[in-house]
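The sequence and the structure are shown first, and the discussion follows.

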Amino acid sequence: MAGHAHAFELQNTKLARPLQRTHAIPPPIREDQGRSSTKGDCMGMTKILALDLGKFKTVCCVMDAVTRQHVFETIETSPRNVHEFVARHLTADAQQTHVVFETCDTAGWVHDVCAALGTSVTCTHANGEAWHWRRVKRKTDRDDAFKLARLALLDQLLPVHVPSPAMRQKRRLILHRRAVVTRRTQSRNAVRAIFNQQGLPLARGNKQWTRAGLDELNKHARPIAECTDPLELWRGRLKVELDLMAAVDAELKLLDKTLDTLASGDDRIALLQTIKGVGPRVAEAVVLHLDDPHRFKCSDEVASYAGLVPKQIESG
């Protein structure tokens, strides 16, 4: 009997547990819990516009910071539509309207559109602990937008620095150059693979990509249209890769020339190049990605931002 009674108690205990929520949206605030003031949990804002930005459409959550009432709207992701949406929901004091969204490719111009209207803007990232989705059975665009609004209401979003439009273009030019270098490396690896498949040796390291080494490769290459014999098709593939490498090298020289012109008037880049081992490409990457150094409180924050110190352990 005692065993049956113990099993009955365990079963009642399991039934008394709260049911698992179907999605990771914080539960609504009950009236008997009391509400924190608007100034305390929403930075003095009266309306929150949470945008779940997508490539083609954006799901928007419009929330009243005082009553917690909210509605959803779906608009096309374009500067005109975002401008019209934010302008339509502006409060009498534009600074009382808080626009929040996650960082993505479109975050730059969305920030510019909202800032031009005079609103308070927060661009955040989804790496914070409060943003993690765990043990959920539903995750939709509306859920994302609503959760973004709730976290903004509770002041739980980590802001991300949004550079100026000119600074963003310079950063993207650096990233584009890196992508071009990657394409050149892919062609070089393809050339080595072709010669390995034919059992032909190639020089190690960068010696093969000197002018003399490229001339030697061109001796084996043939236009693909002239390779009528199946055994000669590898020469046509080699010709294609060498042509791609030549085009990429020409574009890479133009990119380097443009970056050198942009860096010529920046004393910070010149100062960093006085350090042994720091060239123009490394110096400009450091300067452009740090942007305004005054936004960091100390050097530890700079190291963490650069990914050099992903964890900070100072206890003990």
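Val-240 belongs to helix H8, which spans residues 233–263. In this predicted model, Val-240 has a relative accessible area of 41% and is therefore classed as partly exposed. Together with Ile-224, Leu-233 and Leu-244, Val-240 makes a nonpolar surface patch of about 320 Å².

In soluble globular proteins, nonpolar side chains tend to be buried together.

## Overall architecture

The secondary structure of the protein chain consists of 11 helices and five strands. Of its 316 residues, 33% are buried. The accessible surface amounts to about 20,400 Å², and carbon and sulfur atoms account for 55% of that area.

Contacts between residues at least 6 apart in sequence give a further view of the fold: 54% of them join residues at least 24 apart.

## Nonpolar cores

The largest nonpolar core comprises 19 residues, and Leu-51, Phe-85, Val-86, Val-99, Phe-101 and Val-110 have the most contacts inside it. Two or more residues each come from strand S1 (47–52), strand S2 (57–64), helix H3 (79–88), strand S4 (97–102), helix H4 (107–116) and strand S5 (120–124). Helix H4 gives the most to this core, with four residues.

Which residues does Leu-51 touch, leaving aside those up to four places away in sequence? Its contacts are Thr-58, Val-59, Cys-60, Phe-85, Val-99, Val-100, Phe-101, Glu-102, Val-110 and Leu-148. Another core, of 15 residues, lies apart from the largest one and includes Ala-65, Val-100, Leu-148 and Leu-151.

## Salt bridges

Side chains of opposite charge can pair when their charged atoms come close. The count of salt bridges in this model is 14. One of them joins Arg-80 to Glu-84, with the closest N and O atoms 3.3 Å apart. Arg-80 and Glu-84 are four residues apart in helix H3, so about one helical turn separates them. Arg-80 is exposed, with a relative accessible area of 64%, whereas Glu-84 is partly exposed at 40%.

Asp-112 and Arg-168 also meet through their side chains in a salt bridge, at 2.5 Å from N to O. This pair links distant parts of the chain, for Asp-112 lies in helix H4 and Arg-168 in helix H6 (residues 165–198), 56 residues apart. Asp-112 has 27% relative accessibility and counts as partly exposed, while Arg-168 is buried, with a relative accessible area of 11%. In a further salt bridge, Lys-139 pairs with Asp-144, and the closest N and O atoms are 3.2 Å apart. Lys-139 is partly exposed, with a relative accessible area of 48%, but Asp-144 is buried at 8% relative accessibility. Elsewhere, salt bridges that share partners join Arg-177, Asp-256, Asp-260, Arg-281 and Glu-284 into one network.

## Cysteines

Cys-60 is buried, with a relative accessible area of 0%, whereas Cys-104 is partly exposed, with a relative accessible area of 33%. Cys-60 is also among the residues that Leu-51 touches.

Asp-266 is found in the loop between H8 and helix H9 (267–272). Is Asp-266 buried or exposed? With 16% relative accessibility, Asp-266 counts as buried, because the threshold for that class is under 20%.

Asp-266 and Val-287 are 21 residues apart along the chain, and their C-alpha atoms are separated by 9.3 Å.

Technical notes:
Residues numbered from 1 in each chain as written. Predicted model: local features only at pLDDT ≥ 70, side-chain atom pairs only at ≥ 80, totals over all residues. Heavy atoms only, no water. Patch = residues over 30% accessible without salt bridge, like charges linked within 9 Å, V, L, I, M, F, W, Y side chains within 5 Å. Areas by Shrake-Rupley, 256 points an atom, 1.4 Å probe, with all protein chains shown as cover. Salt bridge = Lys/Arg side-chain N within 4 Å of Asp/Glu carboxyl O. Buried < 20%, exposed > 50% of the residue type's maximum accessible area, 1.4 Å probe, protein only. Core = buried A, V, L, I, M, F, W, Y, C linked by side-chain atoms within 4.5 Å. Contact = heavy atoms within 4.5 Å.
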